[in-house]
Amino acid sequence: VMKLNPQQAPLYGDSVITVQLTEEDKVEDDVVFYLVFTGSTVQHCTSTRKINPGSLETISPGHDCCETVKVALCASREGHPVLVVAEESFQFVQDEAYDAAQFLATCAGNQQALNFTRFLDRSRPPAADVDFLDEKVALAFRHLKLPAEWNVLGADQSLTENIPRETLMHFAVRLGLLRLTWFLLQQPGGRGALSIHNNEGATPVSLALERGYQKLHQLLTEEEATEPDSWSTLSHTVHSGDYSVKHHRGLDVYMLTAEA
């Protein structure tokens, strides 16, 4: 039996999984190990990298629903058939970051909810927590299947620019969430949100200045601004029909996802 650590991953994937091999699986250097995740409608195959003779590392794939899947550890060696050396179960779960992204996506135009996020800001979280939150919520947002008509400013597009109100962009900037701000900027309504004043007359741009978030201010105002570093910038995905291949440059791991 192999040991997977952890034995679960959030739906949006992109977390590191360590695989402990048993004594009999610690084999010669020319053996290549893969993990195959079999869900009810989707299958993923990930390459691994060796950390030491007894353990491997890979990146969890993003999955299409919360469920327990079967994971097979496969070994391949040139000139030999591929062997399944161990099997284990693994769970894809909806975590707090996923819940948060869903909540925010649903509340894009909801003033009560957005005012609640302002209330949260009073207990300013430490920088390390903000970075963690930013990373996870931005990854989760990318994974959500947002409806085609989704807009950063919410569903009611009849609201004119000059009605003072809170927006999702105010929320992301107020907390200093660089990656989430970048993500929102790329969505419909993202750029438009930059010029909207809230009840105190602050725009997302003026908030970034007022809070001394220089990087964030550059992101909002410079045309040449590039995407902030994150797990998603470390990876590159190519889609073809029912297949997608993702290369995670950080760990140099490849992931093939196919509809089962």
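**Figure 1. Lining of the second largest pocket in the predicted model**. The residues that line the second largest pocket divide into ten nonpolar, four polar and eight charged. The pocket has a volume of about 470 Å³. Its lining is made of 22 residues, and those nearest the centre are Asp134, Gly176, Leu178, Lys215 and Leu216. Two or more lining residues come from each of α3, α5 (178-185) and α8 (214-221). Of these elements, α8 gives the most to the lining, with five residues.

**Figure 2. Lining of the largest pocket**. About 850 Å³ of space lies in this pocket. It is lined by 28 residues, and Gly62, His143, Thr237, His239 and Ser244 are the closest to its centre. By residue class, the lining holds seven nonpolar, 13 polar and eight charged residues.

**Figure 3. Elements and domains around the largest pocket**. At least two lining residues are supplied by each of the strands β5 (42-47), β10 (235-240), β11 (243-248) and β12 (253-259), and by helix α3 (127-143). The largest pocket lies between domain 1 (3-94 + 234-259) and domain 2 (96-221), because both domains give residues to its lining. Helix α3 also gives two or more residues to the lining of the second largest pocket.

**Figure 4. Surroundings of leucine 114**. Leucine 114 is part of helix α2, which covers residues 111-121. The relative accessible area of leucine 114 is 2%, so this residue is classed as buried; the cut-off is under 20%. Leaving aside residues up to four places away in sequence, leucine 114 touches Cys107, Ala108, Glu166, Thr167 and Leu168. Histidine 170 lies 56 residues from leucine 114 along the chain, and the C-alpha atoms of the two are separated by 8.9 Å.

Figure 5. Eight helices and twelve strands are present in the protein. Of the 260 residues, 47% are buried. Among contacts between residues at least 6 apart in sequence, 64% join residues at least 24 apart. The protein exposes about 13,800 Å², and 52% of this area is supplied by carbon and sulfur atoms.

Notes
Residues are numbered from 1 along each chain as its sequence is written. This is a predicted model: local features need pLDDT of at least 70, side-chain atom pairs count only at pLDDT 80 or more; totals for chains, interfaces and linings use all residues. Side-chain values use heavy atoms; hydrogens and water are left out. On a 1 Å grid over the protein atoms alone, a cavity is a set of points where a 1.4 Å probe fits but cannot get out, and a pocket is an open set with protein on both sides within 12 Å along at least five of seven lines; lining residues have an atom within 4 Å of a point. Grid points are joined across faces, edges and corners, and a volume is the space filled by probe spheres set on the points. Helices (H or I, at least four residues) and strands (E, at least two) are DSSP runs, numbered from the N terminus. Ala, Val, Leu, Ile, Met, Phe, Trp, Tyr, Cys and Pro count as nonpolar, Asp, Glu, Lys and Arg as charged, and the others, Gly among them, as polar. Domain bounds come from an automatic or database domain assignment. Buried means under 20% relative accessible area, exposed over 50%, partly exposed in between (1.4 Å probe, protein chains only). Contact means heavy atoms within 4.5 Å. Accessible areas come from the Shrake-Rupley method with a 1.4 Å probe; for residues, only the protein chains shown count as cover.
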